[in-house]
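Welcome! Take a moment to look over the sequence and the 3D view, and then we can walk through the structure together.

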Amino acid sequence: MQQPSHQPHDVDSWDWSKSSPDEHLHNGLRSQWPVLYWLMRIGDSILEVGCGSGKTAVLAKMLCPRKRVVAVDLGEGAVAHTRMLAAHAGVDMEVRRADTLALPYRDHEFGIAFSVGMVEHYPDEWILRALTEQCRVAEAVLVSVPLPFY
């Protein structure tokens, strides 16, 4: 697995205990509703790249139970947390460790690929490579970055 040239933080060392799973999902619904809106509308399958805590992918599966929802991250801690959150929410979804620059999926396997709060941590060259890879595996790509009012 190819390692990114720039790792913004060590997700394996994040303190996931700052909120309960229910609080985590509630906060995700409140903050990620614009992303979730488009995930509900586009395609029949969803891929979250760099899932971090997993809350957006888990919420997408809760809102779209018939869609295939997959979450990937390079960090083992992120993968473990996302699996725990999915189990807590009672949703069945694929969660796996994968490199953003070499996603283990076929061309156009997903209706939409998305990332939330990930790309702004990386250099421009890496972002272009990551988005090119997402365009390869999905018919649409959605990127969300933090803004003062969002």
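## Salt bridges: a place to start

A salt bridge here is a side-chain nitrogen of Lys or Arg within 4 Å of a carboxyl oxygen of Asp or Glu. With that in hand, look at R96 and E94: their closest N and O atoms are 3.6 Å apart, so the two form a salt bridge. R96 is partly exposed, with a relative accessibility of 30%, and E94 is partly exposed too, at 28%. Please keep in mind that you are looking at a predicted model.

In total, the structure holds seven salt bridges.

## Bridges between distant parts of the chain

One of these salt bridges brings together the side chains of E109 and R68, at 2.8 Å from N to O. The two residues are 41 places apart in the chain: E109 sits in the loop between β3 (94-97) and β4, while R68 belongs to strand β2. E109 counts as buried because its relative accessibility is 16%, under the 20% limit. R68, at 32%, counts as partly exposed.

E76 and R97 make another salt bridge, and here the closest N and O atoms are 3.6 Å apart. This pair also links distant parts of the chain, with E76 in helix α3 and R97 in strand β3, 21 residues apart. Both partners are partly exposed: E76 has a relative accessibility of 44%, and R97 has 32%.

Now find strand β1, which spans residues 45-49. Is this strand mostly covered or mostly uncovered? Mostly covered: five of its five residues are buried. S45, L47 and V49 point one way from the strand, and I46 and E48 point the other way.

β1 runs parallel to β2, and five bridges join the two strands. Within this pairing, L47 stands opposite V70 of β2. To get from β1 to β2, the chain passes through α2, and this β-α-β crossover is right-handed. β1 also runs parallel to β4, to which three bridges join it. L47 takes part here as well, with A113 as its bridge partner in β4.

## Two nonpolar cores

The largest nonpolar core has 21 residues, and those that touch the most other members are V35, L39, I46, V58, A71, M93 and F114. Which elements each supply at least two residues of this core? They are α1 (21-41), α2 (55-63), β2 (68-73), α3 (76-89) and β4 (110-116). The largest share, four residues, comes from α2. There is also a second, separate core of 18 residues, which includes V70, A98, I127 and A138.

A71 deserves a look of its own. Leaving aside residues up to four places away in sequence, A71 touches E48, C51, A57, T82, M93, E94, V95 and R96.

## Aromatic pairs

How many aromatic pairs does a search of the whole structure find? It finds two. In general, a pair of aromatic rings is described by the distance of the centres and the angle of the planes.

In the pair of Y105 and F110, the ring centres are 5.0 Å apart and the planes lie at 85°, so this pair is edge-to-face. Y105 and F110 are both buried. The pair of Y122 and W126 is stacked, with 3.7 Å from centre to centre and 15° between the planes. Y122 counts as buried at 13% relative accessibility, and W126 counts as buried at 3%.

## An exposed loop residue

To finish, turn to D92 in the loop between α3 and β3. Is D92 buried or exposed? D92 is exposed, because its relative accessible area is 70%, and exposed means over 50%. D92 and M62 are 30 residues apart along the chain, and their C-alpha atoms are separated by 9.5 Å.

Note on methods:
Residues numbered from 1 in each chain as written. Predicted model: local features only at pLDDT ≥ 70, side-chain atom pairs only at ≥ 80, totals over all residues. Heavy atoms only, no water. Phe/Tyr/Trp six-rings, centres within 6.5 Å; stacked < 30°, edge-to-face > 60°. Buried < 20%, exposed > 50% of the residue type's maximum accessible area, 1.4 Å probe, protein only. Core = buried A, V, L, I, M, F, W, Y, C linked by side-chain atoms within 4.5 Å. Contact = heavy atoms within 4.5 Å. Pairing = 2+ DSSP bridges. Right-handed = clockwise from strand over helix to strand, strands pointing away.
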